[in-house]
Amino acid sequence: MSQLAELQSAFQSYLGGSTLAVDFERRIQADGKISASRRLAIYHDAYRLRLIEALATSYPILFKLLGDTLFQQLAQGYVAQYPSAFRNLRWYGAELADYLGTALPQHPVAAELADFEWQLAHAFDAADTALLQLADLAAVPAEDWAGLRFELQPSVRQLPLRWNTIAVWHALNQEQVPPSPVMLDQAESCLIWRQQLDAHFCSLDAVEACAFTLLQRGASFAEICDGVASHAEADDNETVMVAARLLANWLEQGLICRFYR
Amino acid sequence: MITSPPHPLTDDFLGFGLGLRTPHYQALLDDDHAIDWLEIISENYMIPGGKPLHYLDRLRARYPMVMHGVSLSIGSTDALDLDYLRDLRTLADRIEPAWISDHLCWTGIHGQNMHDLLPLPYTEETAYHVASRVRQVQDLLGRRILLENVSSYASYVDSCMSEWEFISLVCEQADCLLLLDVNNIYVSSYNHAFDPRDFIAGVPAERVQQIHLAGHHHHGDYIIDTHDAPVIDPVWDLYAHALAHLGPVATMIERDDQIPPLIELVEELAKARQIAQPYLNHPLPWQQADLSSKLGLPMAMSV
């Protein structure tokens, strides 16, 4: 290992907290004004502060839910466990929801809120793409419809929610006291996407969630209709109408970028 | 005393610019401002799509731009990140910047990013290592890059030359350009007890393409470079001293935190313009050829 590589390895280990400062201090010039340990501490502290600040920026609503003290404490634990490999600090923190699942098991809504907030933020700069319009489907012959499949635009994410996370998010976003965490009777599906420049989200009922999941997995329109039929008590005609209305709504919301046969 | 280099390398005087920051997007689009160009943080726009790139394209139609990176890690002993360089080039192809810069530092090894501009030991081994990487980067980008001097709080016992000697050696070996951060010179000169004028006299003047100005926080026995406050008077004085030595250099105010309304930064930039005025009217002999035509450019050039 070159001298430079060895020096950088020692410095990085020191910053990460795994080396005693005294081992690395010998490498730092002392000039009488400030000790080597204080000089190094500037870098040591800045490393943690910068990553914690990045988490607070990425998770502003979670920060409000947990409060400054608890957020800082958890963020410190996360930083100690997860170094950054990202060129942009904005991408640091993807595993925070998983981390909260184990570090804060008594508040499961916190992990779910973190997941929701992360997905919402990252719909923000997903790739741009041209969207499929209802009119684009007008030319498709009726007999071809059963075999049509659709591709979602890059920002779309579907997130299962087990708690009243959206209500908690809304309250905190409006600087109000959040409702107590409540486990939902049945897990809810939340759709997150960017329409033009702004991120949006909505919850899906059981029929729409089933149909949307099928579409997302590349199912044909006929298979989507079958999925709708399994959830709704309706005859074939009504089933097709329900599926078509859902599809029209998804197109209007800007969720689909292309179709193929 | 000014040493006139026989073949000046920097002939792109863009005027006076600001760092592009999200809170100013709309103000920059809504009105005309006395801002000649914008510097973007490259990594903020090395993304797939969405609002940042939307605004970037609209603003690029109004302002010349330069790209300034924070994660090249030119001094690292890891291999160069070719994915990063590919994305940097894609962004450069998109906005056609006047130039591309990053920092003379390292930011991590073993695939990690410490998100800090960590100091390098000032040794020949390090200078040759950095210079060889700069040459590779310049080949991949198809242009010279600018390296910026960073603020530092510690120096290594391994170092065997001054920071400005180190910078000069890297520049000479790599044939790259310099982004001189006058605030960083001030901060480091205080933290390491050297004369900032020695620094300015010691770097290759003909390679200085851009100047950064910013604010910092004084903690008594050391200074932290924070970019969250206005430029202080001693840094303005050092800027004037630098211009007397370098002649007119494209200058930018860098504010990364506690970002004020755009108008406040435009006023601060006017101060830089005022300090630079005598040198604009009387460029140094080796700068005269290009300046006369470039100074006639309107505030917001369409490129």
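**Exercise 1.** Work out which residue of chain A forms a salt bridge with B:Lys51, and how far apart the closest N and O atoms are.

*Solution.* Start with the rule: a side-chain nitrogen of Lys or Arg within 4 Å of a carboxyl oxygen of Asp or Glu. B:Lys51 pairs with A:Asp198, and the closest N and O atoms sit 3.2 Å apart. Next, count: chain A and chain B share five salt bridges.

A quick note on the ground rules: this is a predicted model, where local features need pLDDT of at least 70, side-chain atom pairs count only at pLDDT 80 or more, and totals for chains, interfaces and linings use all residues. Residues are numbered from 1 along each chain as its sequence is written, chains are lettered from A and ligands numbered from 1 in the order in which they are written, and side-chain values use heavy atoms, leaving out hydrogens and water.

**Exercise 2.** Find how many residues each chain brings to the contact, and how much area is buried.

*Solution.* With contact meaning heavy atoms within 4.5 Å, chain A supplies 44 residues and chain B 51 residues. Now the buried area (accessible area, 1.4 Å probe, lost on putting the two parts together, summed over both): about 4100 Å², with carbon and sulfur atoms giving 56%. On chain A's side, A:Gln12, A:Tyr43 and A:Arg87 lose the most, together 20% of what that side buries.

**Exercise 3.** Determine the strand order of the barrel in chain B.

*Solution.* Strands are DSSP E runs of at least two residues, numbered from the N terminus, and two of them pair if DSSP finds at least two bridges between them. Eight strands close up as S1-S2-S3-S4-S5-S6-S7-S10, with parallel pairing.

Key
Helix = DSSP H or I, 4+ residues; strand = E, 2+ residues; numbered from the N terminus.
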